[in-house]
Amino acid sequence: MACYFPDHARGSRYEQLYAELSAVERVMLLREFIGVTYRRRFWFFRQYDYRAFYRAPLRHNLQVAAARQDQRLQVPWRIWRKSDLRPHYLRLVLRHYQLGALLQRLRRRHRDRLPPAEPGCHPDGPMLLTALGWYLNHAALLTCQTDQLVARLEAENCRSLYLYCLACQHQISQLLAQDDSPLEDCLPLAQRVGGRWPLGAELEFSNLGYRASFEHSFGRHRRDSRFHNFIYFHHYFLEDVSWRLGGYLDHHVRLRRYLPVPWIGGFFEYSLVRMDYLRRYSLPLTCDPMLLAHYIARVVRFSPDIAPHSLHLNCEQIACGERLPPRLGDLLCLLLLGGDLQRDDSTGDWVEQRLSRHELIKLVRRRQHLSLWDGRPHAVVEYAFCRLRAHWQVEDWFLLLLAVKGFNASADFGHGEQVPIELLAQWARRARPLAAHQIEGFVTRVAEGLLREQVYSAVQVSRWRAALEQRLWRENRRLAGE
């Protein structure tokens, strides 16, 4: 069975930690540490030239993969010496390694107690949601232990990410051996509502908010005292570390958007639909809006030291009857539900921040996503207007997802219809209450779209419609100053 331990750590306390892991746990350690390499070599290149595939040494030798990764994933000394930032970055690295170690062990111990992934959706979906739930249920203990581990790593001047991963594997192994909490508390199976149409999400985080993009942040990264706008993202190899959540740095620089630019910071983004690091393939996360609502709420809580910024919701377009072009009132209702309406300090007017500050290029975009499931491109509508909020509960996200899902089933974005972005921006700069017929028309359209899925009963849709209408009227009264 494959195993690896670096020569540079022989005789240290890490060798004793490694000795306490079982043979299976050592393989888990390898797979977690070489996670990005594992996905590149062993899974996603399968449809390319088979001769090149079988010549690849990493395909046959996990030890070679681990040795190469260990040699590469060492925090540079010049970055390590930045002691004010070091503990924050270390906590972020350790948090993701802990989640990966937890996921592997829960999968091994409880595979039979968890539902399989939905067809065509992310294979790790249910298990990742379970691992996030367990992590958050034990967050206080994990935070305390992580702080102690960070202090020890700093005292040792330990810059090896392999040793970080090893320490987290040992830590999670010890915690699970002592834990007897019911697994059902971590996966909300009883709350599922079902669905047939695939959904996905991408979450952006930044302590600088909209100022994290290159045109606002260059030379001003120190305004983020914890991470300096993630200008050291690649020096701590966070794209490699956060692979299970599809993490990457989005600096909004065209042409080099997905390539590492060491001196440019940006948004820490979790693309939960991302399946490879060439950004070629993706898979929806789930077809169930309730499970996706839990995902969003848990991922936000998983990153308490980075402020949530924005949310992109992906809905696959399915042929489901007559669709009509989007109306201005419908799009205003979406902004009322998921936008960022704030009082302007100088004028006292209500302002929708994302549009008025030019954070958005497009409110809604239609894209083609290449599916790993069937190798075919799928038409996906991306709703990019949502503000990601730390205080929202699962029920809030669920209601927003229902609105987007139902609207997506009834709105036609496939034949060149233009979203009236100028009219929306004009409203956003001085938001006014919506008319009653606009709200009534929107909730009717959402209800009709949800019924077209032929999964939800008329009673369910009627109840959701009433809740959605109540939320819209509440936000509308807030704009009216009532």
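Trainee: At roughly what angle do the axes of helix α2 and helix α11 cross?

Mentor: In this predicted model, the axes of α2, which spans residues 23–33, and of α11, which spans residues 161–178, come within 10 Å and cross at roughly 135°. An angle over 145 degrees would count as roughly antiparallel and one of 65 to 115 as roughly perpendicular, and α2 and α11 are therefore oblique to each other. The crossing in which α2 passes α11 is right-handed.

Trainee: Which residues in α2 and α11 meet?

Mentor: From α2, the residues E25, M28, L29, E32 and F33 take part, and they meet L161, Y162, C165, L166, Q169 and S173 of α11. Sorted by class, this contact has 7 nonpolar, 2 polar and 2 charged residues.

Trainee: Where does R432 lie, and which residues does R432 touch?

Mentor: R432 lies in the loop that runs between α18 (421–429) and α19 (436–452), and, leaving aside residues up to four places away in sequence, R432 touches D349, W427 and L479. Although R432 and L479 are 47 residues apart in sequence, their C-alpha atoms are 6.2 Å apart in space.

Trainee: What pLDDT does the protein chain average, and where is the pLDDT below 50?

Mentor: Where pLDDT is low, the predicted coordinates should not be read in detail. The protein chain averages a pLDDT of 86, with 89% of the residues scoring at least 70, but over residues 42–55 the pLDDT is below 50, even though this stretch has 23 contacts in the model beyond near neighbours in sequence.

How values were computed. Residues are numbered from 1 along each chain as its sequence is written. This is a predicted model: local features need pLDDT of at least 70, side-chain atom pairs count only at pLDDT 80 or more; totals for chains, interfaces and linings use all residues. Side-chain values use heavy atoms; hydrogens and water are left out. Axes are lines fitted to C-alpha atoms, for helices over the stretch in contact, and angles run from 0 to 180 degrees between N-to-C directions. Helices (H or I, at least four residues) and strands (E, at least two) are DSSP runs, numbered from the N terminus. Angles under 35 degrees count as roughly parallel, over 145 as roughly antiparallel, 65 to 115 as roughly perpendicular and the rest as oblique. A crossing is left-handed if the near helix is turned anticlockwise from the far one by less than a right angle, and right-handed if clockwise. Contact means heavy atoms within 4.5 Å. Ala, Val, Leu, Ile, Met, Phe, Trp, Tyr, Cys and Pro count as nonpolar, Asp, Glu, Lys and Arg as charged, and the others, Gly among them, as polar. pLDDT is the predictor's confidence in each residue, from 0 to 100.
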